[in-house]
Amino acid sequence: MIYTKKTPWTLIIGIIMVAFGYLVQAGALDPLIEFLKIGKFVGKPGQPGEMIVLPFVCGLIAIVVGLWQYAVKPKEGNLDYYLSAVGGVMFILLIAFVVKWGLDPLMHAWGKAAETAMKDAKLTWAFDFAKVMNLNYVVMGILAGIIAVNVFKIPQWAENGVRLSRLGLKTGVVLLGVLYSWQELANLAGLSVVLIAVFVLGSVGMVLWMGARRNIPNSMGGVLSAGMGVCGVSAAVASAPVVNAKSTEIAYTIGTILLWGVLMMFIFPIVGKTMEMNPTQFGAWAGTGILNSAQVAGAALAFEPDGIETLKVAEIFNITRVLFLPIIVLWLAVWYVRREANGQRVDLGNAVFSKFPLFVLGFIVMFVLGSTGVFAPGAQLPGKYFDNSEKHLVKKDAEGNIKESKMLADKDAETLKVDADKVTDEKHKAALAGLIENKRATSFEHDADLRGLLNSHALSKKGNKILKKMHDAVYKPAPRISRFRDLIAWFFTFGLVGLGMQITMASIRQAGGQPLVIGSVVGTVKAVGALIVVWLFVKEIV
Amino acid sequence: MKEKFDRGTALTIFRNDRLEDIAALALSLVIAFLVYTFV
């Protein structure tokens, strides 16, 4: 079978990308960039940002492959098969560029403008619609994918590229392993194992119980319980041979998980923001309450699009859940054999081994690699590290004149002096005096004391703002970690736009009937139960 | 949709999930090497 389609679109997309990169680099789009406030993506002279590098690199690849596909008669084989995916990959990336650098900042600006207009009109219910509806690039990217596949249909030449989107998500998860420290993992491990054990085992038990009461076949109940309890689609597929599930039952389960997961992916971030959850709380909730790995990542990034703290917490919960797969398969095997006296015996070890998601082991490999300090010392793994040197805080020009200073300004010192009387704690008093005297945090411990003072809310709003600025000033971005974070965010963005393109109405219609009723009840109980537990017991910011 | 492709499924271009996982790990290692070398 020949997969390469003779289409000019790969070449056209490549030319559009390169032209865009050139226009950004030449400064032709500066007024638009300024209006959208996306200058941070353009970079600095000598250090081009993602809005220049990505269009040039991707565009050139698309041009070369597009020309090759036109000039060479494709022969059946691996080269034809894998290169046929390039057009689709570029199609997804082009949508991702438009959403991330165009629609996201545009909605942000319009949302703020609408709120200001409402306030000017003296409306008491003035609100920022982009904020309330959580219209960031992650949500809009998935929506763009859903619209593309259901309204316009995916062009044939792009189909193979869409089938690569899950590889993007898996690569994102594996790369994420680099960014964890032993300390973070130790902090999260206990919490995630307890929460996941309760909710995974609880939802599997609940599906089996409801299934028995509603008289659905044991095979259907078994496969739905694994899907609702563990990690969605792969768990349903892994448990299918153990409970002798038919392909229609697997399809019903996948449809239910998909429909439920898509709804939750949009609802969770809105609830999380309304309840003002911190990244640890939201990550723990999404990782426990949402069914599918891709949707957990989608919700976590939708909650915190400009950082990956939430994603890191959510993925630990997600991976812990996947690690429960063997236990669930074993449970279902025993349950099924007991209920069906003549149930066909299957090789348990083989069922678990052949379907166990290997990318989880990839995550562990990358974590071990990262924890050796090969990419960055442990202190830099959170993405920023303590540095209060003058070199970092004060930028000078070639003649030695101060260009920019992050040291405490005199007028800010005056504000803090006025606020000092409000501080009663001796340690906080000393920390504040030290800051006023030295114009910066003098050590990591000093900064920690200042952060304690900030969290105590003893100072005025303005005073707290100054403390936050001084805290941020003594943290320096770790270059390799920053690059990893950017790349991971792009892999997830690519994967999530492609995921949207796989959410067809036909796949959602597969849900229907009893599986959907049981799935909805168990899914709601799991989501609400996890929310209550997280809200009551998870307070720490990891 | 599956019958449209003679390898992989509608969800993946790879022959099976395991191969996709290995590809994700290989790609991650290549990216890690590039970040280590050039950043």
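This is a predicted model: local features need pLDDT of at least 70, side-chain atom pairs count only at pLDDT 80 or more; totals for chains, interfaces and linings use all residues.

Leaving aside residues up to four places away in sequence, Ile328(A) touches Val204(A), Ala226(A), Gly229(A), Val230(A), Ala235(A) and Ser239(A).

Now step back to the domains. Chain A is assigned three: domain 1 covers 9–163, domain 2 is written as 173–381 + 480–537, and domain 3 covers 384–477. The centres of domain 2 and domain 3 of chain A, taken over C-alpha atoms, are 42 Å apart.

Next, find helix 16 of chain A, residues 309–323. From its first C-alpha to its last, this helix of 15 residues reaches 22 Å, close to the 21 Å expected at 1.5 Å a residue. Helix 16 of chain A is also mostly covered, with 14 of its 15 residues buried.

For a pair of strands, go to strand 4 (residues 394–396) and strand 5 (residues 402–405) of chain A, which run antiparallel and are joined by 3 bridges. Within this pair, Lys395(A) stands opposite Glu404(A) of strand 5. The two strands form a hairpin with 5 residues between them, and Gly400(A) in the turn has a positive phi of about 90°.

Positive phi also turns up in residues other than glycine. Lys122(A) has a phi of about 60° and sits in the loop between helix 5 and helix 6 (129–132) of chain A. Is Lys122(A) buried or exposed? Lys122(A) counts as exposed because 7 other C-beta atoms lie within 10 Å, and the cut-off for exposed is 12 or fewer. Lys153(A) is another such residue, with a positive phi near 70°. Its place is the loop between helix 7 (137–152) and helix 8 of chain A, and Lys153(A) is exposed, with 9 other C-beta atoms within 10 Å.

Follow chain A on into helix 8, residues 159–162, and you reach Glu159(A). Why is Glu159(A) classed as buried? The reason is that 22 other C-beta atoms lie within 10 Å of Glu159(A), where 20 or more is the cut-off. Apart from residues up to four places away in sequence, Glu159(A) touches Gly88(A) and Ile154(A). Glu159(A) and Phe91(A) are 68 residues apart in sequence, yet their C-alpha atoms are 9.9 Å apart in space.

Finally, turn to chain B. This chain has 39 residues, of which 28% are buried, and contains 1 helix and 0 strands. How many residues of chain B are in contact with chain A? There are 21, and they meet 27 residues of chain A. On the chain B side, the residues that touch chain A are 13 nonpolar, 3 polar and 5 charged.

Notes:
Residues are numbered from 1 along each chain as its sequence is written. Chains are lettered from A and ligands numbered from 1 in the order in which they are written. Two residues are in contact if their C-beta atoms, placed from the backbone, lie within 7 Å. Ala, Val, Leu, Ile, Met, Phe, Trp, Tyr, Cys and Pro count as nonpolar, Asp, Glu, Lys and Arg as charged, and the others, Gly among them, as polar. Domain bounds come from an automatic or database domain assignment. Helices (H or I, at least four residues) and strands (E, at least two) are DSSP runs, numbered from the N terminus. Two strands pair if DSSP finds at least two bridges between them. The expected span of a helix is 1.5 Å times one less than its number of residues.
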